[in-house]
Structure formats: structure tokens, C-alpha cells
Amino acid sequence: RAKSAGRNQIAFFEGNMQIEVEQRLTLERDLAKALEQNELQMVMQAQVNKDAQAVGAELLMRWNSKTRGMVSPALFIPLAEESGLIVKIGDWVLSEACTILKRLHANGFQFPLSINVSPKQFRQKDFVEKVRLILEQHQVSGEYLIFEVTEGLFIDNLPETISRMNMLADLGIRFSIDDFGTGYSSLNYLKRLPLYELKIDKSFVQDVPGDANGMAIVVSVLSMAKQFGLKVVAEGVETIEQANYLIENDCDSMQGFLYSRPTSPDVWIANQVPSAA
Ligand code: C2E
Ligand code: MG
Ligand code: MG
Ligand code: MG
């Protein structure tokens, strides 16, 4: 009896995996078409200072599929990364970011945009050249771009990564470590990388104030960043209590639903969201 139940479980498990593999393949195929069919779109979420003025914004991708509806980036970005599609999509994000920057500038917004750059995208041989070309084509200065990278980028081939970061920094581009504290890398790299900012992961932000361990982590990141001369932005700020705690502890900027939902650049421009000059 136990034996047959075990066998059924295995059959059930394999059946599920089969479905998963098929779903992945069709999702991948649809994503490949999404770009050409204009189903991808970038939205902006404000990064604000202690006076709630926008000092920057993160660009986040949205996939509004004609057949699937809204698909979460948490689902399709890892898939794009694994299939290699992220390279093409990443190129598009870069040139979209430039287009949006020019529109923002024409409308009186002067802050930089942060974009997420995935490891596979960063590791392309011609990545730096590509970035240089796209900036040139759009006549945009790299000083208006902040690349958000994750700690995973520093796990292997560090010397190559550092030299590439330096070349991008020469174009004016700044680097932020996204989801800081959730990766597996050592703190040793912090002193070796040309970094501008650490981005405290929302899982830590959601623990303050109130949770002693959460507060210890946030305060430690803030003080470490200060020692290294790095800025800190907190992500996933949802409550006024979280914001007050971060401000009291000298966090440079905050990002989260408390201040703004990710919205299209059109809406930003139409509403003239207040920003620090
Ligand atoms: P991320 O870069 O860490 O982005 C932060 C995520 O938190 C976003 O999810 C954002 O919508 C969400 N968020 C913002 N404020 C709050 C808040 O107050 N509370 C909570 N609970 N969440 C908040 P989203 O847009 O679903 O993106 C998920 C992830 O997908 C991003 O995490 C990023 O890793 C990736 N991603 C998004 N757009 C791109 C892109 O253009 N390129 C690449 N390579 N990755 C992207
Ligand atoms: Mg990010
Ligand atoms: Mg993040
Ligand atoms: Mg995150």
C-alpha cells in the first residue's frame, strides 16, 4: 500500500514537471515576441529624499501580454535571463531609458534614472561598447544613469567585472547594489568596486521599526555605507513608520508604495510629480 502510494506520488510529480516545462517553453516563446509586438513597457517609481521630493526614479519593466494579461517580472525576468533573451530585452531597456530621460529633461525633470542590469547582460563581451553607442545615439550623458546590479555579479570573474565597471564609470554611469544583503557575496568586494550606492532590500525594510534584528541590519548597512562613502536607498518602503525610522537613521533616499506606485513616464509628466531641483 505504502509502495503504490509512493509510486503514484512520483508519477504525479513527474506529470507536474512536464507541465512546468511546457509552460516555460510557451512563456519563453511569447516573451520572444513581446518585444516586437510592443507588449513591453517601462514604468517609473520615485526615489525620494527626506522631504518626499523625487531625487531619482527606478525604471521597472511591465509585460502586458495580449493573451496572458500582466505577467510579473519576478516570473519572466529569470526566464529571460536563463534563455538569453535578456540581452535583447536589456538593449531595449537601455535605449528606452535614454528616450525617457530626454522626455523628462524636456519637461523639467533633472534626476537620474536607475535601471536593472542582469548579470548575463553585463557579461556580454561587447556590453560597454553597446552602452557607449546607445548613449551616443540618443545624445544622453551616462551621468543620468545608475545601473542596479545584484551581488551575484561579484561571485565570479571579479577582476573582469571591476574593469568593466570602471569603463562604464568612465562614461559617467554609477552603480548601485540592488537587494543588498540578500546575496551570497562577501563584503570584501565592497572596497574594490567603483560603487555609488547600496540599495537595502525590502525584506529588511519591512522589519523596521519593531524587529530588533531588522533594525540591527538596517543600521549596520547605513553605517557601513557611510564608512565607504556610499549612498543608501531603501526599497519597499510602505509605511510612515518605516520612512521615519530610515530618515532618523540618515538614509539618503526611500522608494516604495508609501510614496509612489510604479507609473508610466506619461503620467509623471502629466502630473508634474514634484522633484528636487
Ligand atoms: P527590484 O529591482 O528589486 O525592484 C523592486 C520591486 O519591488 C519591483 O517589483 C517593485 O514594483 C516592487 N516594489 C516597489 N515598491 C514596493 C513596496 O513598497 N512594497 C513591495 N512589496 N514591493 C515594492 P517588480 O516591478 O515586480 O520587479 C521585480 C524584479 O524584476 C525587480 O526587482 C528586478 O529584479 C526585475 N526587473 C524589473 N524590471 C527589470 C528590467 O528592466 N531589467 C531587469 N534585468 N530586471 C528587471
Ligand atoms: Mg532594482
Ligand atoms: Mg531591489
Ligand atoms: Mg528586490
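Visitor: Which residues of helix 9 are called buried?

Guide: This is a predicted model. In helix 9, residues 240-248, the buried ones are Gln 242, Ala 243, Tyr 245 and Leu 246. The label asks for under 20% relative accessible area.

Visitor: How do you know that they line one face of the helix?

Guide: Look down the axis of helix 9. Its buried residues fall within an arc of 165°, so they line one face. An α-helix has 3.6 residues a turn, so residues three or four places apart point the same way.

Visitor: What do the buried residues of helix 9 pack against?

Guide: Their partners are helix 7 (202-205), helix 8 (212-228), strand 8 (231-234) and strand 9 (253-254). Just after helix 9 comes Asp 250, with a positive phi of about 70°.

Visitor: What makes a residue a donor of the magnesium ion (ligand 3)?

Guide: A donor is an N, O or S atom within 2.8 Å of the metal. Asp 178 (OD), Asp 179 (OD) and Glu 235 (OE) lie 1.9 to 2.5 Å from this ion. That range is within the cut-off, so they are called its protein donors. Their spacing along the chain is D-D-x55-E. Asp 179 sits in strand 6 (residues 174-180), and Glu 235 in the loop between strand 8 and helix 9. The two are 56 residues apart, so the text speaks of distant parts of the chain being linked.

Visitor: Which residues are the donors of the magnesium ion (ligand 2)?

Guide: They are Glu 58 (OE), Asn 116 (OD1), Glu 148 (OE) and Asp 178 (OD), at 2.0 to 2.2 Å. Again the range is within 2.8 Å, so the name donor holds. In sequence they are spaced E-x57-N-x31-E-x29-D. Asn 116 lies in strand 4 (residues 113-116) and Asp 178 in strand 6, so this pair ties together parts that are 62 residues apart in sequence.

Visitor: Which residues lie nearest the centre of the largest pocket?

Guide: Glu 58, Leu 60, Pro 73, Asn 116 and Asp 178 do, out of 37 lining residues. The pocket's volume is about 1,100 Å³. Elements that each supply at least two lining residues include strand 1 (40-48), strand 2 (54-65) and helix 3 (86-106). The lining divides into 15 nonpolar, eleven polar and eleven charged residues.

Visitor: How do you know that Gly 256 is buried?

Guide: Its relative accessibility is 2%. The limit is under 20%, so Gly 256 counts as buried. Gly 256 is placed in the loop between strand 9 and helix 10 (265-271).

Visitor: What is Gly 256 in contact with, leaving aside its neighbours within four places in sequence?

Guide: Gln 45, Ala 46, Gly 236 and Val 237. Contact here means heavy atoms within 4.5 Å.

Key. Residues are numbered from 1 along each chain as its sequence is written. Chains are lettered from A and ligands numbered from 1 in the order in which they are written. This is a predicted model: local features need pLDDT of at least 70, side-chain atom pairs count only at pLDDT 80 or more; totals for chains, interfaces and linings use all residues. Side-chain values use heavy atoms; hydrogens and water are left out. Buried means under 20% relative accessible area, exposed over 50%, partly exposed in between (1.4 Å probe, protein chains only). Helices (H or I, at least four residues) and strands (E, at least two) are DSSP runs, numbered from the N terminus. The arc is that of the directions from the helix axis to the C-beta atoms. Donors are N, O and S atoms within 2.8 Å of the metal (3.2 Å for Na, K and Ca); water is not among the atoms, so sites may look incomplete. On a 1 Å grid over the protein atoms alone, a cavity is a set of points where a 1.4 Å probe fits but cannot get out, and a pocket is an open set with protein on both sides within 12 Å along at least five of seven lines; lining residues have an atom within 4 Å of a point. Grid points are joined across faces, edges and corners, and a volume is the space filled by probe spheres set on the points. Ala, Val, Leu, Ile, Met, Phe, Trp, Tyr, Cys and Pro count as nonpolar, Asp, Glu, Lys and Arg as charged, and the others, Gly among them, as polar.
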